[in-house]
Amino acid sequence: MRTLVIGYGNDLRSDDGAGRAVADRIAALNLPGVSVRSVIQLTPELALEIAEHDTVVFVDANVEVAATTSTTVVAGPSDSTAMSHYTTPESLLGMTATIGDVPSTAIAISIPVADIGLGMELTPITAAGVEEAISMVTAVVGE
């Protein structure tokens, strides 16, 4: 099984960098069959990489969650009117379907945030969420 982990967010906006922190930590583990991308935002170009994998895991900070959560992502419509340099996991999977196979498993992991002001440090709640997200990703890879 080939897995792609995409951690995204702005690591200059404190907790918003949580997804990238997870991606960096997963990359350092050198897990077999796992590719990792750490990006500021999801862009249509990622669809090419996603199509080459059986599983994709999106990891991001989320102001709407109180705890680290994992949800299944289903391909949505590929919106050609969407901004060309930003997309959602759902529409990105929709784009993937137009160029290749959509991974059989797609998961979004959301990490709670307390501060998205300028800075590079994670707050304690988000740092704990990063650790939980790493455990979730390694569990997915181990399945």
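Here are some friendly notes on this predicted model, point by point.

1. **Ground rules.** Since this is a predicted model, local features need pLDDT of at least 70 and side-chain atom pairs count only at pLDDT 80 or more, while totals for chains, interfaces and linings use all residues. Residues are numbered from 1 along each chain as its sequence is written, and side-chain values use heavy atoms, with hydrogens and water left out.

2. **The main core.** The largest nonpolar core holds 17 residues; such a core is a set of buried Ala, Val, Leu, Ile, Met, Phe, Trp, Tyr and Cys residues joined through side-chain atoms within 4.5 Å. Val22, Val59 and Val137 have the most contacts inside this core. At least two core residues come from each of helix H1 (18–29), strand E3 (55–62), strand E5 (105–112) and helix H4 (124–142), and H4 gives the most, with five. Helices (H or I, at least four residues) and strands (E, at least two) are DSSP runs, numbered from the N terminus.

3. **Val59 and a second core.** Not counting residues up to four places away in sequence, Val59 touches Val5, Ile6, Gly7, Tyr8, Gly19, Val22, Ile109, Ile111, Ala133 and Val137, where contact means heavy atoms within 4.5 Å. There is also a second, separate core of 16 residues, with Leu42, Val56, Val73 and Leu92 among them.

4. **H1 against H4.** The axes of these two helices come within 9 Å and cross at roughly 45°, which makes H1 oblique to H4. Axes are lines fitted to C-alpha atoms, for helices over the stretch in contact, and angles run from 0 to 180 degrees between N-to-C directions; under 35 degrees counts as roughly parallel, over 145 as roughly antiparallel, 65 to 115 as roughly perpendicular and the rest as oblique. The crossing of H1 and H4 is right-handed, meaning that the near helix is turned clockwise from the far one by less than a right angle.

5. **Who meets whom there.** From H1, Ala18, Ala21, Val22, Arg25, Ile26 and Leu29 meet Thr126, Val130, Glu131, Ala133, Ile134, Val137 and Thr138 of H4. The residues of this contact divide into nine nonpolar, two polar and two charged (Ala, Val, Leu, Ile, Met, Phe, Trp, Tyr, Cys and Pro count as nonpolar, Asp, Glu, Lys and Arg as charged, and the others, Gly among them, as polar).

6. **Helix H3.** In H3 (residues 89–99), the buried residues are Pro89, Ser91, Leu92, Leu93, Gly94, Met95 and Thr96; they pack against strand E1 (3–8), helix H2 (46–50), E3 and E5. Buried means under 20% relative accessible area, exposed over 50% and partly exposed in between (1.4 Å probe, protein chains only).

7. **Two backbone spots to look at.** Most residues other than glycine have a negative phi. Ser14, in the loop between E1 and H1, has a positive phi of about 50° and is buried at 5% relative accessible area. Asn30, in the loop between H1 and strand E2 (34–39), has a positive phi near 50° and is exposed at 66%.

8. Ala75 lies in the loop between strand E4 (69–72) and H3 and is partly exposed at 42% relative accessibility. Its C-alpha is 7.4 Å from that of Leu92, 17 residues apart in sequence. Thr55, in strand E3, is buried at 1% relative accessibility. Leaving aside neighbours within four places in sequence, Thr55 is in contact with Met1, Arg2, Thr3, Leu4, Pro103, Thr105 and Val140.
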